[in-house]
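Here is a short note on the structure shown below. Please read its points in order with the model open beside you.

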Amino acid sequence: MKNKIKIQRAIKDITQAQLAEIIGVSRQTINAMEKGKYIPSTVLSLKIARYFETPLEEVFSLEDED
Amino acid sequence: MNQNFLFPHSYKRPALIVLIICILFSIYLSVFGSEPDFLNFNIGEKMRGDELKVITRNFAFTIDGILLIISSIVYGFSKEKVEDEYIQKIRLESLVWAVYINYALVIITFLILYDISFLYVMVYNLFTVLIIFNIKFYISKTKLNKSLSDEE
């Protein structure tokens, strides 16, 4: 699964730390997700999409191998 | 919603202090083999012939072992400052890794050590899975923080 958290973050103009604070996770988690090292749970994905005020599919999408 | 069986974050530091003291005390016990006298306790009496004998046991290993187990469990299983699903994944991975390594070591020692030497291994094995888990979990967290500071 790939994500556009970094792009969405740039649109909103917030840092990893600020997003982490809002979503209630650590900065390490946001960083790991942006790097594609960690696939978030459904709850966390929905929280992120809700904060960016976009549909879930705008932020997260499946890759070919998924 | 998410139930986890973890201790509060505030327990982490005290547990670490107790853990370090216990490890140092264990090293002291196994290197010097002397048990401090103040930990001698009378645990009962028994008749030997006509004489009533007091049975004394030293509780150094008992106390050290119990505290070592409790402190390493509390240290490893207390919440992080920000406890989220990613850290839970890392904790679980560390635990899986620790069990594999621990039992790999047990199998190796099974094959190469016998009799009394193996008994020593079993004694250490009471604690190794927890110790390996804590070391692996700590390394993973440090790596994570390092990857973060590399970005800055």
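1. Across the interface of chain A and chain B, zero salt bridges are found. The rule asks for a side-chain nitrogen of Lys or Arg within 4 Å of a carboxyl oxygen of Asp or Glu. Five residue pairs across this interface are in polar contact, both residues being at pLDDT 80 or more. A polar contact is a pair of N or O atoms within 3.5 Å; within protein, one must be able to donate a hydrogen and the other to accept it, and residues adjacent in sequence count only if both atoms are side-chain atoms.

2. On how to read the values: this is a predicted model, in which local features need pLDDT of at least 70 and side-chain atom pairs count only at pLDDT 80 or more, while totals for chains, interfaces and linings use all residues. Residues are numbered from 1 along each chain as its sequence is written, chains are lettered from A and ligands numbered from 1 in the order in which they are written, and side-chain values use heavy atoms, with hydrogens and water left out.

3. In the interface, 16 residues of chain A are in contact with twelve residues of chain B, contact meaning heavy atoms within 4.5 Å. The area buried between the two chains is about 1200 Å², with carbon and sulfur atoms giving 51%. Buried area is the accessible area (1.4 Å probe) that two parts lose on being put together, summed over both. In chain A, the residues that lose the most area to chain B are Arg27(A), Gln28(A) and Tyr38(A), together 44% of what that side buries.

4. Chain A comes to five helices and two strands, in the order β-α-α-α-α-α-β from the N terminus on. Helices (H or I, at least four residues) and strands (E, at least two) are DSSP runs, numbered from the N terminus.

5. Asn31(A) is found in helix H3 of chain A. Is Asn31(A) buried or exposed? Asn31(A) is buried, because its relative accessible area is 3%; buried means under 20%, exposed over 50%, and partly exposed in between (1.4 Å probe, protein chains only). The side chain of Asn31(A) makes a polar contact of 3.2 Å with that of Gln16(A).

6. Thr142(B) lies in helix H4 (residues 115-151) of chain B. At 38% relative accessibility, Thr142(B) counts as partly exposed. Thr142(B) and Val31(B) are 111 residues apart in sequence and 31 Å apart in space, C-alpha to C-alpha.
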